[in-house]
Amino acid sequence: MTTPLNRPEDVVQRGIRSSLIGAVINLLLAAAKCFAGIAGHSFALVADGIESLGDVVSSSVVAFGLWFSIRPPDEDHPYGHGKAEPIAAIAVSLALAAAGVLIAAESISEIRTPHQLPAAYTLGVLICVVLLKLLLSRYVRSVGTAIESTAVKADAWHHLSDAITSGLAFIGISIGLITQNPAADDWAALAASPIIIFNGLRLLRAPVAELLDAAPPKEVELQVRQIAGSVAGVVDLEKCFVRKTGFRYYVDLHVLVAEHLTVRESHSLGHAVEAEVLNHMPQVSRVLVHIEPA
């Protein structure tokens with residue numbers, strides 16, 4: 001299992017792989033649902049297929065964002081391109097909310113338009129879709145949690161929203177067939193839209209916080225303090241600021257040393273602290289050490 005201590009390059013490859021798997025599966029599901037929905041006169045299933053097409057785009061955006069975020073620093077981007085990862089997460093979250101709005105608008109339109117009852121076989125299609133999307137969401141979420149990627153986690157929610165939409169479509173079509181009310185599945189699609197919109201907007205919180213350099217989990221700072229404090233010559237640690245950029249962390253550390261040390265000795269100690277942190281925490285890209293007298 002990938003842990004936060006793996007190299008960022010290895011972590012990104014796992015995230016890209018999960019996104020591409022999701023994109024391929026969603027493309028196949030979108031084709032199946034749209035075909036079955038059109039042939040079976042179910043707008044809820046067609047709406048589900050449209051959302052799956054949106055999932056193809058979102059998974060592709062995540063894969064590109066992950067790939068771009070790991071590019072090395074250059075003259076114009078001395079801190080690297082890590083911000084591409086939360087930007088991709090924001091794009092996916094907004095796409096999810098937009099899909100909810102689109103489904104709501106189309107559902108209302110279909111409710112007002114007389115149409116045929118959905119075919120009974122569409123229920124079988126929806127059962128398969130729900131099971132597959134739940135499994136896919138669980139897999140992608142496990143990857144997102146393991147590699148600490150807001151973009152991959154947002155992609156997992158996209159898959160889960162598809163499962164929710166399909167589940168409500170199943171309920172709506174079942175009610176429609178029992179009551180002979182063709183609009184039941186349209187109401188089901190409409191009922192799914194606020195859930196999708198809410199989750200899309202809720203998912204914006206984490207990537208926006210990352211773009212604003214919010215502090216990462218406290219465990220990261222504690223680990224930095226523990227490693228830096230173990231270096232011989234370090235009397236104490238004062239300030240320790242950590243910010244996350246993509247899959248890398250940047251650390252600002254204030255180290256207290258004995259006041260009788262020379263500038264050269266203090267400088268060497270600062271490099272020793274930096275090297276120790278980088279050696280034990282591959283996810284840390286840079287450590288800025290500020291030396292202060294104890």
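Predicted model: local features only at pLDDT ≥ 70, side-chain atom pairs only at ≥ 80, totals over all residues.
Within the unit, S2 and S3 run parallel and are joined by 9 bridges. One of the links between these two strands can be followed at Leu-256, whose bridge partner in S3 is Glu-292. Helix H9, which covers residues 263–280, lies across S1, S2 and S3, and it runs at about 150 degrees to S3.

## The sheet around the unit

Which order do the strands of the open sheet follow? The sheet has 3 strands in the order S1-S2-S3, and their pairing is mixed. Strand S1 (234–245) and strand S3 (284–293) stand at the edges, where each has a single partner strand, so one side of each is left without a neighbour in the sheet. Neighbouring strands are turned against each other by 15 degrees on average, if direction is ignored.

S1 pairs with S2 (residues 248–257) in the antiparallel sense over 9 bridges, whereas S2 and S3 run parallel. As a general point, strands of a sheet pair through backbone hydrogen bonds, either parallel or antiparallel.

## Helix H8 against helix H9

Helix H9 also meets helix H8, which spans residues 218–229; the axes of the two come within 9 Å and cross at roughly 130 degrees. H8 and H9 are therefore oblique to each other, and their crossing is right-handed. On the H8 side the contact involves Gln-223, Val-224, Ile-227 and Ala-228, and these meet Val-273, Glu-276, Val-277 and His-280 in H9. Sorted by class, this contact has 5 nonpolar, 2 polar and 1 charged residues.

## Helix H5 and its two partners

How are two packed helices described? They are described by the angle between their axes and the distance between the axes. For helix H3 (residues 84–112) and helix H5 (residues 150–179), the angle is about 20 degrees and the axes are 7 Å apart. That makes H3 roughly parallel to H5, and the crossing of this pair is left-handed. Among the residues of H3 in this contact are Glu-85, Pro-86 and Ala-88, while those of H5 include Thr-150, Ala-151 and Ser-161. The residues of the contact divide into 8 nonpolar, 4 polar and 2 charged.

H5 also packs with helix H6 (184–202), and here the axes come within 7 Å and cross at roughly 160 degrees. H5 and H6 are therefore roughly antiparallel to each other, and H5 passes H6 in a right-handed crossing. The contact draws on residues of H5 such as Trp-157, Ser-161, Ile-164 and Leu-168, and on residues of H6 that include Ala-184, Asp-185, Ile-195 and Arg-202. By class, the residues of this contact divide into 12 nonpolar, 5 polar and 2 charged. Ser-161 of H5 takes part in the contact with H3 and also in the contact with H6.

## The loop between H5 and H6

Where does Gln-180 lie? Gln-180 lies in the loop between H5 and H6, and it has a positive phi of about 60 degrees although it is not a glycine.

Terms used: Residues numbered from 1 in each chain as written. Heavy atoms only, no water. Pairing = 2+ DSSP bridges. Helix = DSSP H or I, 4+ residues; strand = E, 2+ residues; numbered from the N terminus. Axes fitted to C-alpha atoms, helices over the stretch in contact; angles between N-to-C directions. Contact = heavy atoms within 4.5 Å. Parallel < 35°, antiparallel > 145°, perpendicular 65-115°, else oblique. Left-handed = near helix turned anticlockwise from the far one by under 90°. Nonpolar A, V, L, I, M, F, W, Y, C, P; charged D, E, K, R; others polar.
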